[in-house]
Amino acid sequence: MSAPTPGRPVRGSTTGRPLMAALDLFGRRWSLRVVWELHEGALGFRALRGRCGGMSSSVLRQRLVELIESRLVHQTPDGHYALTALGQEAHTALSPLVDWSAAWAAALAEQSADPGTPAGGTAETPDAGQERT
């Protein structure tokens, strides 16, 4: 399977829109994890696999091929894998999702502590002058 690229149909979309290609690429198992693990610097194959506990060698090899084809990762002269400038930009673009996920987790934890509270808010109570229905 080749890497999804803008301008070509991808899983879930025939439009070729760049966003759909990106969602297909990052929706592939372990793709985001590889980008996440490489954001601090280059890693060799074994070290990268070790950071992605549970990933098979063949899946890692396939994801690296796709990420290289997508120009998010490159192989250094010493055989390590590193993010390209585009790969670093992808990691930066995902940072707000990291922040949101922390807020989401906190909201869910708060909700589980008080089951009567909707996620992300306070318990709704009718105004004093409003009838309950």
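Is Trp104 buried, exposed or partly exposed, and why? Trp104 counts as partly exposed because its relative accessibility is 46%, where buried means under 20% relative accessible area, exposed over 50% and partly exposed in between (1.4 Å probe, protein chains only). Please keep in mind that this is a predicted model, in which local features need pLDDT of at least 70, side-chain atom pairs count only at pLDDT 80 or more, and totals for chains, interfaces and linings use all residues. Residues are numbered from 1 along each chain as its sequence is written, and side-chain values use heavy atoms, with hydrogens and water left out.

**The tryptophan pair**
- The count of aromatic pairs comes to 1, taking rings of Phe, Tyr and Trp (its six-membered ring) whose centres lie within 6.5 Å.
- Trp100 and Trp104 form this pair, at 5.1 Å centre to centre with 15° between the planes, and it is stacked (planes under 30 degrees apart; over 60 is edge-to-face and the rest tilted).
- Both residues sit in helix 5 (residues 85-113), 4 residues apart, or about one turn of the helix; helices are DSSP runs (H or I, at least four residues), numbered from the N terminus.

**Helix 1**
- In helix 1 (residues 18-27), the buried residues are Ala21, Asp24 and Leu25.
- These buried residues fall within an arc of 95° seen down the axis, so they line one face of the helix (the arc is taken from the directions from the helix axis to the C-beta atoms).
- Leu19, Leu23 and Gly27 are exposed residues on the face turned away from the buried side of helix 1.

Definitions and conventions
Helix = DSSP H or I, 4+ residues; strand = E, 2+ residues; numbered from the N terminus.
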